[in-house]
Structures are given as structure tokens and as C-alpha cells.
Amino acid sequence: MKITISGASGLIGGKLAARLRERGDEVTVLSRSASTTSSTWQWDPLAGPAPVAALAGRDAVVHLAGEPLGRRLTDEVKERVRQSRVAGTRHLVESLRATPEADRPRVLVSSSGVSYYGPRGDEVITEQSPPGKSFLAEVSVAWEEEAARAAEFGVRVVRMRTGVVLDASGGTLKSLLATYRLGLGGPIAGGAFVVPWIHVDDIVGLYVKAVDDASWSGAYNGTAPEPVTQREFAKALGRALHRPAVLPMPGFALRTALGEMADMVTTGQRAVPHRAVEGGYRYAYPRLAEALASALR
């Protein structure tokens with residue numbers, strides 16, 4: 001297959017591109033940085049539509065580009081987060097619309113997040129659950145609406161609501177490792193909130209399945225089948241590193257560091273991948289202990 005990826009330099013995008021190339025696919029990358037390689041096209045998602053030449057003749061597009069999270073959400077950062085997801089996706093869909101029908105990709109797999117659901121306590125969340133009202137929930141709703149417009153001109157659209165991706169080379173797990181290796185890890189804000197985790201190999205596998213399987217369409221929770229509380233996650237990570245994990249981090253300390261983002265981090269969602277399991281995806285790492293052992297190797 002011929003596949004175009006935006007956000008290929010990120011945690012998921014780099015591993016997805018590698019897996020696709022390993023199986024013999026031809027991968028084209030959309031990047032903000034200029035490149036002299038024929039497989040990379042320059043595109044700033046905020047500046048305007050993507051180059052049609054980077055989409056024409058491809059079988060699929062995977063859209064992962066977006067402003068990183070995990071920091072204090074100032075008004076300026078919020079606007080960048082919103083625009084990178086909403087306007088960036090709108091511009092990509094405009095390019096798909098402009099691509100001649102005979103050369104247009106058949107499928108768009110667009111990133112989203114479980115933040116779509118907002119804070120939900122211990123409620124079990126499937127893809128049929130309604131959206132939340134938080135800032136990131138509202139951004140995710142608008143983000144997905146822009147992606148869904150590609151269906152108006154015959155493109156199959158999959159929206160992947162990704163959870164906390166486990167990979168020691170980046171993301172949440174990497175940020176925790178130094179603290180836990182010193183034996184200073186433990187429950188955050190009481191540890192009762194739910195972590196909707198997924199091993200990086202499985203989130204990549206879900207994207208590949210979404211590209212390949214013509215029956216997949218609409219929203220999917222990109223999470224493992226067994227979400228856990230943050231307290232359970234802390235204990236499992238401590239065991240995996242052979243370190244204690246009992247020192248609590250109070251919520252006020254996190255709010256001091258992250259502001260509004262702390263409230264989003266410590267609410268969580270018990271999101272389960274009902275449609276992915278129903279759609280035939282088989283998880284390589286359905287349980288947390290095995291997922292952490294693999295991610296830390």
C-alpha cells in the first residue's frame with residue numbers, strides 16, 4: 001500500500017511508519033520541516049491545505065499531527081492546541097477534497113483522544129458514550145467533526161481516541177521513570193482515578209487495522225481492554241522496576257506545576273475498546289504487567 005502520515009516524528013507516528021515500511025508499504029511523510037527526500041513533503045497544518053501531490057495516488061492517510069500536551073494550559077497554549085487539531089484537520093480534509101477522485105485515498109485515520117469523554121469517574125466508557133464538557137473534550141469533538149467531513153466525498157473515516165501510550169522512549173511513561181527508579185513514585189492525588197493505558201505496539205496495531213480493514217469506520221477507543229486506577233498503575237510500575245511505589249503526590253502539588261492541566265490528568269476515563277475487540281483486533285499486550293515489562297525492555 002501507499003500511505004501518507006502526518007505527525008510521523010511523534011511517539012506513535014515514528015513507530016507506525018517503521019511498521020508499515022517493514023511490511024513493504026510505501027510511506028510518505030507530511031512534515032513542518034523542509035526535506036530533500038522524495039518521501040517527505042513540507043506542510044504546516046496551520047498555514048493551509050496539505051500538498052495534493054502528497055495525497056494523490058495514495059491508498060490511505062493517517063493524521064497524527066497536533067500540538068503536544070502535558071504542560072500548563074495557558075490561554076496561548078490552549079489556542080495552539082485547538083488550532084493544531086481543528087484547523088489542521090480541516091486543512092487536510094480540504095486537500096483530500098481537492099484530490100482528483102480517481103487518485104484520492106480511500107481512508108483517513110485521524111487521531112483523537114479519550115479526553116473526548118471528559119471526567120467520568122468510574123463509569124465504563126464505550127465509543128457510544130456522549131462527549132464531556134472540559135476544554136480537551138470540546139477540542140476533541142471539534143477535531144473529530146472536521147475529520148468526519150471527509151466522508152462527504154466518499155472517504156472512509158476512522159477516529160482513534162487514544163489513551164495513555166506506554167513506551168519508555170516517550171510520553172507519560174518516560175516522564176515517570178526517573179522518579180520511580182529513585183523509589184519516589186506512588187499514587188497521584190489519591191490514585192483513585194482511572195488510567196486508560198495502551199502499549200505502543202497495540203496503538204500502532206490499531207492504526208494498521210484501521211487502514212487495512214474496510215469494515216472499520218467511525219470512532220474507536222485506542223485503549224487496552226483492562227484500564228486500571230492510577231494507584232494500581234503505580235504499584236505495577238514499581239514492581240516492574242523493582243522499586244517501592246508508595247510515596248503519594250498530593251493533587252495540590254500537581255496543580256501548582258500544571259495548573260488546569262492537572263485536573264485533566266487526574267480525572268481519567270474508564271474507556272474500554274469495545275469496537276476494536278468487536279472488530280477483530282487481537283491485543284499483543286492486554287494486561288498491564290506484561291505491557292510494562294515489554295515497554296521497559
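**View 1. Helix H2 against the sheet.** Helix H2 (residues 75–98) lies across strands E2, E4 and E5 and runs at about 170° to E4. Contact here means heavy atoms within 4.5 Å. Axes are lines fitted to C-alpha atoms, for helices over the stretch in contact, and angles run from 0 to 180 degrees between N-to-C directions. Helices (H or I, at least four residues) and strands (E, at least two) are DSSP runs, numbered from the N terminus. The model is predicted: local features need pLDDT of at least 70, side-chain atom pairs count only at pLDDT 80 or more, and totals for chains, interfaces and linings use all residues. Residues are numbered from 1 along each chain as its sequence is written, and side-chain values use heavy atoms, with hydrogens and water left out.

**View 2. The open sheet.** Seven strands form an open sheet in the order E3-E2-E1-E4-E5-E7-E11, with parallel pairing. Its edge strands, E3 (40–42) and E11 (218–222), each pair on one side only. From one strand to the next, the twist averages 20°. Two strands pair if DSSP finds at least two bridges between them. Strand E2 (residues 26–31) runs parallel to E3, joined by three bridges; Trp41 in E3 is the bridge partner of Leu30.

**View 3. Strand E4 and its two partners.** In strand E4 (residues 60–63), Ala60 and Val62 point one way while Val61 and His63 point the other, and all are buried, that is, under 20% relative accessible area, with exposed over 50% and partly exposed in between (1.4 Å probe, protein chains only). Strand E1 (residues 2–6) pairs with E4 in the parallel sense over four bridges, and Ile5 stands opposite Val62. Strand E5 (residues 107–113) is likewise parallel to E4 and joined to it by four bridges, with Val61 opposite Leu108.

**View 4. The crossing of helices H1 and H5.** The axes of H1 (residues 11–22) and H5 (residues 200–212) come within 9 Å and cross at roughly 65°. Among the H1 residues in the contact are Leu11, Ile12 and Leu16, which meet H5 residues including Val200, Ile203 and Val204. The contact residues divide into nine nonpolar, one polar and three charged.

**View 5. Helix H3.** Helix H3 (residues 135–148) has 14 residues and reaches 20 Å from its first C-alpha to its last, close to the 20 Å expected at 1.5 Å a residue. Its buried residues include Phe135, Trp143 and Glu144.

Definitions and conventions. Expected span 1.5 Å × (residues − 1). Nonpolar A, V, L, I, M, F, W, Y, C, P; charged D, E, K, R; others polar.
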